[in-house]
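Hi everyone, thanks for coming.

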Amino acid sequence: MGGNSFMQQALVVGVNNYPFLKKEKLGDLNLKAPVKDAEAIANILEKYGKFKVDRLPKENDEEGEERLSPEGLIKIDDLQQAIIHLFKPHTTEETPDVALLFFAGHGYVNTKGDVREGFLVTSEAQFSNNIYGLSLNWLKKLLQDSPVQKQIVWLDCCFSGELLNFDREANPGIEGKQISRCFITASRS
């Protein structure tokens, strides 16, 4: 996989801005640390890990270098497409040997009936309108179907431990796949 050379790819996401959230649900509407933290992680991955890093939201600095945008907004569709490109690229040649997703921002859990679902909260989230962000259940299914053999998901948000509630069928190595997964979460479910 990944052609003739070993390929490591990362998607680093930092979401500071949540213009539609109500204070009573999450505390402070907007955050200050996620973009700074995500940029620090991106720089370390590039410098020491030799990862090719994509950033969301991104902008160019004065020197034309790509960096995370502290004012940028992240939409659910944009985040989904970037994660799909990371874990299920269009061609075998684009498939990395190692794929790492880092997300810093708000997390949320919605419970309806007996169904509990975690989300990576995106900028257009409006809980009163049932718009939460990217579903962790969707992410689990994508990881299950991914051809990437070494998958790393690092979540720096509340309720990130919801990702660890993987069912038996999601365990690595099932059905002849040689998959290694590493999950790093900032909190329990």
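Let me begin with a term: a residue counts as buried under 20% relative accessible area, as exposed over 50%, and as partly exposed in between. Please keep in mind that this is a predicted model.

With that in hand, take Arg67. Its relative accessible area is 31%, so Arg67 is partly exposed. Which residue does the side chain of Arg67 meet in a salt bridge? The partner is Glu59, at 2.6 Å from N to O. Glu59 is partly exposed too, with 26% relative accessibility.

Elsewhere, salt bridges with shared partners link Glu39, Glu46 and Arg55 into one network. Let's look at one pair from that group. Glu39 and Arg55 form a salt bridge, and their closest N and O atoms are 3.1 Å apart. What does this pair tie together? Glu39 sits in helix 2, residues 33-47, while Arg55 belongs to strand 2, residues 52-56, so the bridge connects parts 16 residues apart in sequence. And are these two buried or exposed? Both Glu39 and Arg55 are buried.

One more pair for you: Lys52 and Asp54, whose side chains meet in a salt bridge at 3.4 Å, N to O. Lys52 has a relative accessible area of 46%, so Lys52 is partly exposed. For Asp54 the value is 23%, which means that Asp54 is partly exposed as well.

How many salt bridges does the structure hold? There are six, and the Glu59 and Arg67 pair we started with is joined by a salt bridge of this kind.

Note on methods
Residues are numbered from 1 along each chain as its sequence is written. This is a predicted model: local features need pLDDT of at least 70, side-chain atom pairs count only at pLDDT 80 or more; totals for chains, interfaces and linings use all residues. Side-chain values use heavy atoms; hydrogens and water are left out. A salt bridge is a side-chain nitrogen of Lys or Arg within 4 Å of a carboxyl oxygen of Asp or Glu. Helices (H or I, at least four residues) and strands (E, at least two) are DSSP runs, numbered from the N terminus. Buried means under 20% relative accessible area, exposed over 50%, partly exposed in between (1.4 Å probe, protein chains only).
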